[in-house]
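Let's read a protein structure together, one feature at a time. Have the sequence and the 3D view open as we talk.

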Amino acid sequence: MFLYTLAALAASTRLVSAAPGPSSYCRNLPGDAGWPSVEDWNALNSSVGGRLIQGVPVAEICYGVHADGTACSQLRSDWALVDPFLNQPVSVVSPYFENNTCTPDVTSATVNNTSACQLGNMASYAINVTNAETAAAGINFARDKNLRLIVKNTGHDYLGGSTGKGSLALWTHNMKNITLVDNYQSEHYTGPAFKIGAGVQYEDLNQVAKDNGLRVVGGSCPTVGANGGWRQGGGHGPLSSSYGLGADNSLEFEVVTADGKQLTTSATENSDLYWALCGGGAGNYAVVISAVIKAHKDGQVVGSRLTINNDGNSYWTVVGEWMKHLLVLDKIPGFATEVLITQQSFSLVVATLPGGNESTMAQALAPFYETVAHLNITPVVNETKVQSTYLDHYDEYLGGVEFTRNITIGGRLIPRSLVQDNTLLQNLTQTFKDMVAEPDIVVYLLGYNVTTKAASLPEGFNAVTPAWRDSLFLVNVCIEGSADDPWSKMDNDLARANQWQDRLRDLTPGGGAYINEGTYNAPEWKADYFGGTYDQLRTVKSKYDPNFVLYTRPGVGCDEYTETADGHLCKA
C-alpha cells in the first residue's frame with residue numbers, strides 16, 4: 001500500500017499533462033483538460049487526513065528498479081488465488097476486468113520494462129475511507145471534478161463494479177467495526193443484531209457471532225464482504241432457507257449519498273433508499289458506511305455430504321431425481337443444499353439443517369437415497385455429522401477451500417414449476433449434461449427456500465428480484481480458467497457463459513437470475529437481474545443520484561451511459 005503525502009503526490013510521475021477532453025458529457029480521464037491538477041489532488045489528500053492512495057497494480061512489485069524478486073515470486077505462486085487481491089486499494093479479483101495489464105510473469109530481460117505494467121481499468125486513486133466524512137469528501141471531489149467514482153471493499157466481484165479507468169475509488173475495506181446490539185427493536189424485527197462496518201468480511205463476523213452465541217446469514221466464501229455487493233445484490237448462503245437472503249436480514253444502512261449527505265435508511269426512515277439497497281444492486285444508489293443486520297440464536301446444525309461417480313449408465317437419471325427431490329426438501333424449514341455436477345461426479349457438497357440431527361437428516365434424504373440404491377449405484381462418499389454451532393458446521397463442509405479467481409460465472413434461478421413439469425425437467429437435465437461435456441465447465445445447484453414467508457417478510461418488502469422468491473434452486477455455470485489465460489480466452493469464456501445463460505433463459509421464460517453470479521453484459525439484464533422491480537429502482541436512482549455520480553454495470557440506469565474504446569464513461 002502506498003499512502004502518498006502531499007509532496008509525494010506533487011512529485012508523482014503518473015500525473016500527465018492536460019490534453020483536450022473528449023466532451024463535457026464524459027467523465028474525465030488522465031490527460032484530459034478537466035483532469036484534476038496536482039494541487040487539486042493535494043487538497044483532497046489534505047481534506048481526508050492523508051488517506052489518498054495512488055493506484056498501483058498489485059504486480060508492480062515485479063517491475064522497475066525497486067522490483068522485489070522474493071515478493072514477486074510469492075505473488076506469482078499465488079496469482080491464481082483471490083487472497084493477494086483482497087487487501088488491495090484498486091486491484092480486483094477478476095482477471096477479466098484487470099485485463100492482464102500487469103502480471104508477475106517477468107524475466108531478467110523484462111523486469112525493467114515498466115511500460116509492461118499499467119493500471120488498465122483500475123482506479124487512478126483511492127481514498128482509504130474510515131468514516132462518512134472521508135467518503136463524503138471523495139464523493140464531492142469526484143462529482144465536482146467530473147470523475148468516475150467507484151466503491152471497493154475486497155474486489156470480490158465478477159461484474160467489474162469495482163473497476164473503471166481513471167476513476168477515484170472509495171476503498172471501504174478497513175472499516176472493520178462489529179458491535180453487538182442485544183435487543184434491536186423495530187416494526188418488523190425484535191431481537192439481537194450486529195452493526196457492522198462496510199469492510200467487515202464473513203471470516204471475521206462469523207467468529208464474533210459464534211463467540212456471542214449467535215449466527216448470521218453469510219456466503220459460502222469466508223473472505224466475501226458482509227456489507228457490499230453480496231448484501232446489496234441479495235446475498236445467499238447455507239442459512240438462507242432458515243432466515244432468508246442477506247438483503248432480508250438487513251435492518252438499517254448508514255450511507256453517504258451522491259450529494260455528500262449522510263443518511264440513515266431503514267424500513268421507516270428514507271425507506272425508498274433502504275428498499276433499493278436491500279437487493280437492488282451495489283454501488284449505485286449511495287455509499288454504504290455501515291449496516292445493522294439480524295443475528296440469530298446459535299445452536300446445533302446437522303450436515304451431510306454425498307458423492308456419486310458417473311458410471312455412464314444412470315448418472316443423469318440421478319441428477320434429474322435430485323432436482324425432483326428438492327421439491328421435498330423445499331418443504332422442510334431451514335433445509336439448504338449445495339450440489340456440484342461435473343462430467344465425472346455428482347457431489348452433495350453440503351446439506352445444512354439447523355436444529356436437526358442424524359435422524360432428521362436421514363429421513364429428509366431417504367427417498368433420494370432409495371432411488372440411488374434402486375439404480376444400483378453405490379456412493380463413494382456418504383456421511384452425516386452434527387456440529388454444536390453453525391461456524392463448526394461451516395468449517396467442516398466449506399472451510400479450508402482455496403478460492404481461485406479466473407472463473408467466469410453465468411446462472412439462472414430455476415422455478416419450482418419447471419421441476420414439476422417432466423418435459424421441462426428432462427430438457428434442463430440435458431442442458432446440464434451438455435454444459436459439463438465441455439471439460440472446463442462445472443455446474444452448481446444451490447437449493448434454498450427464500451420465499452418471503454420463509455424470511456418472515458411481507459411481499460415486496462425489499463428490492464430482491466421476484467425470481468428469487470419463486471425459485472427452487474440457483475444454477476451457477478462456472479467456466480474455469482487458468483492463471484495465465486490471455487484476455488482473448490477470458491472474453492471468449494464470457495461469451496460462452498452468456499450463451500448458456502440464454503439457453504437457461506429459454507427454459508424459464510419470465511424468470512430471472514442472480515445479479516452477483518451472472519454476466520455483466522447479459523443482453524436481457526434488466527429482466528434477468530431486476531424483473532418487476534426495475535422501474536421503481538430507476539425512480540430511486542433519479543431521486544438520490546440523478547447525475548450518476550455512482551455508476552456500475554449492470555446497474556439500474558447503466559444503459560444511459562456508454563464506455564468508449566479509450567475508457568471514457570460518457571452519456572449515451
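Q: What should I know before I start?
A: This is a predicted model, where local features need pLDDT of at least 70 and side-chain atom pairs count only at pLDDT 80 or more, while totals for chains, interfaces and linings use all residues. Residues are numbered from 1 along each chain as its sequence is written, and side-chain values use heavy atoms, with hydrogens and water left out.

Q: How many disulfides does the count come to?
A: A disulfide is a covalent bond between the sulfur atoms of two cysteines. Here a disulfide is taken as a pair of cysteine sulfur atoms within 2.5 Å, and the count comes to three. Numbering the bonded cysteines along the chain gives the pattern 1-6, 2-3, 4-5.

Q: Which parts of the chain does the pair Cys26 and Cys570 link?
A: The sulfur atoms of Cys26 and Cys570 are 2.0 Å apart. The torsion about their S-S bond is about 105°, so this disulfide is right-handed. Cys26 sits in the loop between α1 (6-10) and α2 (38-47), and Cys570 in strand β20 (residues 569-571), 544 residues apart. Helices (H or I, at least four residues) and strands (E, at least two) are DSSP runs, numbered from the N terminus.

Q: Is the link of Cys102 and Cys117 left-handed or right-handed?
A: With -85° about the S-S bond, that link is left-handed.

Q: Which residues of α14 are buried?
A: Buried means under 20% relative accessible area, exposed over 50%, and partly exposed in between (1.4 Å probe, protein chains only). In α14 the buried residues are Leu425, Leu428, Thr429, Thr431, Phe432, Met435 and Val436. Viewed down the helix axis, they fall within an arc of 155°, so they line one face of α14. That arc is taken from the directions from the helix axis to the C-beta atoms.

Q: Where is Asp248, and is it buried or exposed?
A: Asp248 belongs to the loop between α8 (240-243) and β8 (250-256), and at 2% relative accessibility it counts as buried. Its side chain makes a polar contact of 2.8 Å with that of Asn462. A polar contact is a pair of N or O atoms within 3.5 Å; within protein, one must be able to donate a hydrogen and the other to accept it, and residues adjacent in sequence count only if both atoms are side-chain atoms.

Q: How far apart are Leu239 and Pro354?
A: They are 115 residues apart in sequence and 8.0 Å apart in space, C-alpha to C-alpha.
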